[in-house]
Amino acid sequence: MSGAADNDFMARALQLAERGLYTTTPNPRVGCVIVRGSAVVGEGWHERAGGPHAEVVALQAAGERARGATAYVTLEPCHHQGRTPPCDEALIAAGVARVVAAMLDPDPRTAGQGLARLAQAGVNVETGVMENDARALNRGFTSRVTRGRPWTRLKIAASLDGKTALLNGKSQWITGEAARNDGHHWRARACAVLTGIGTVRDDDPQLTVRAVTTPRQPLRVVIDSRLELPLTARILEGGGVLIACAVMDEAKAAKLKGQGADIVVLPNAAGKVELPALMQELGRRGINELHVEAGHKLNGSLINEHCVDELLLYLAPGLLGERARGMADLPELTDLAGRRELRIDEVRMVGGDIRIRAGWKAG
């Protein structure tokens, strides 16, 4: 089959994988297309943990037509027994002749072994078709299984002069409705949304997904060193809240737990929450993608402690002035050589605002 055809079928598999954007956590987002000759005979995508994997769904749809066919899958078929049987064995049993995987599975339990098992059984295997797209779809999963921590995306809404709130803390609303709704999409795809006690005091946010349809809400995480979270805070509504503190107050903790909150104590030497340790804790809890909506102080601390992988910036066409709050409270520089350099990955208009996605430059 031609390279162009391989790309077309893999593009379809990636479209299917995206259907699990909001639901698969802690599993990866995976799609599969089975092709016999030039005809699609089966399609599938992984919907949620514990459910059938994409390959199994596609094989069931294809039935006997899978024998001698090519399976296009966005992630290397799993080799390990989890809640469901290994997908490499299912493909072999179905008589698939060729498997094209966009990327290798970074999970050490598979990590090349799935394709090796298929090749051992006489299946023609290939990898690397639309690999960059597949990696972008599963950055969080890859981060968690290789680094033990989630892929962390820091979302900031700011004026064109880089201000996120007035000096008195007021920030609603700097950006327009379209940008705010777009931000809900990024919340929805995350496994958890993180903020700080300062933002809770200033804005009393719910941090739930409301502008897009999703079958589940992400875990809400509050960094609150001294357990000062008011029991009336809207973020506590409905449970599903993790509070990270540095000092345990048993009486206050009991009341917060009574409202469905979970509490983890992670102090550093300065009496604040140890942020890298929190990232590892979230990784242990199966958090693939972490979405941060916080104030300039916590933003600065997360960047300083190398806990941020990507910036998601919404810039509104307005100016708030020098005395307004900035994006991140970072140490003063005396030389431009010390600046933190970014790589712009995407720029687009969202309503009347500019959305920029940026990552750190290598080195």
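The residue D224 touches I197, L229, I243, A244, C245 and A246, leaving aside residues up to four places away in sequence; contact here means heavy atoms within 4.5 Å. The structure is a predicted model, in which local features need pLDDT of at least 70 and side-chain atom pairs count only at pLDDT 80 or more, while totals for chains, interfaces and linings use all residues. Residues are numbered from 1 along each chain as its sequence is written, and side-chain values use heavy atoms, with hydrogens and water left out.

D224 sits in the loop between β9 (219-223) and β10 (241-245). Helices (H or I, at least four residues) and strands (E, at least two) are DSSP runs, numbered from the N terminus. D224 is buried yet has no salt bridge, and K252, the nearest side chain of opposite charge, is 5.7 Å away. Buried means under 20% relative accessible area, exposed over 50%, and partly exposed in between (1.4 Å probe, protein chains only). A salt bridge is a side-chain nitrogen of Lys or Arg within 4 Å of a carboxyl oxygen of Asp or Glu; Lys and Arg count as positive and Asp and Glu as negative, whereas His and the chain ends are not counted. The side chain of D224 does reach backbone atoms: a polar atom of it lies 2.7 Å from the backbone nitrogen of E228, and the backbone nitrogen of L229 is reached at 2.8 Å.

Turning to the sheets, 5 strands form an open sheet with mixed pairing, in the order β2-β1-β3-β4-β5. Two strands pair if DSSP finds at least two bridges between them. The edges are taken by β2 (39-45) and β5 (124-127), each with a single partner strand, so one side of each has no neighbour in the sheet. On average, neighbouring strands of this sheet are turned by 15° against each other, direction ignored. Axes are lines fitted to C-alpha atoms, for helices over the stretch in contact, and angles run from 0 to 180 degrees between N-to-C directions. Within the sheet, β3 (residues 70-73) and β4 (residues 98-101) pair in the parallel sense over 4 bridges, with A71 opposite V99 in β4. Helix α1 (residues 3-18) packs on the sheet and touches β1 (31-36), β2, β3, β4 and β5; the direction of α1 makes about 145° with that of β1.

Strand β6 (residues 151-159) has 8 of its 9 residues buried, so it is largely enclosed by the rest of the structure. With strand β12 (residues 289-292), β6 pairs in the parallel sense over 4 bridges, and T152 has L290 in β12 as its bridge partner. Strand β13 (residues 310-316) also runs parallel to β6, joined to it by 7 bridges; here R153 stands opposite E310 in β13.

Some backbone angles deserve a look as well. Most residues other than glycine have a negative phi, and most peptide bonds are trans. The peptide bond from T25 to P26, however, is cis, with omega near 5°, and P26 is found in the loop between α1 and β1. A111, although not a glycine, has a positive phi of about 35°. A111 belongs to the loop between β4 and α4 (113-120) and counts as partly exposed, at 45% relative accessibility. D204, another residue other than glycine, has a positive phi near 45°. This residue, D204, lies in the loop between α8 (197-203) and β9, and its 28% relative accessibility makes it partly exposed.

Notes: A polar contact is a pair of N or O atoms within 3.5 Å; within protein, one must be able to donate a hydrogen and the other to accept it, and residues adjacent in sequence count only if both atoms are side-chain atoms.
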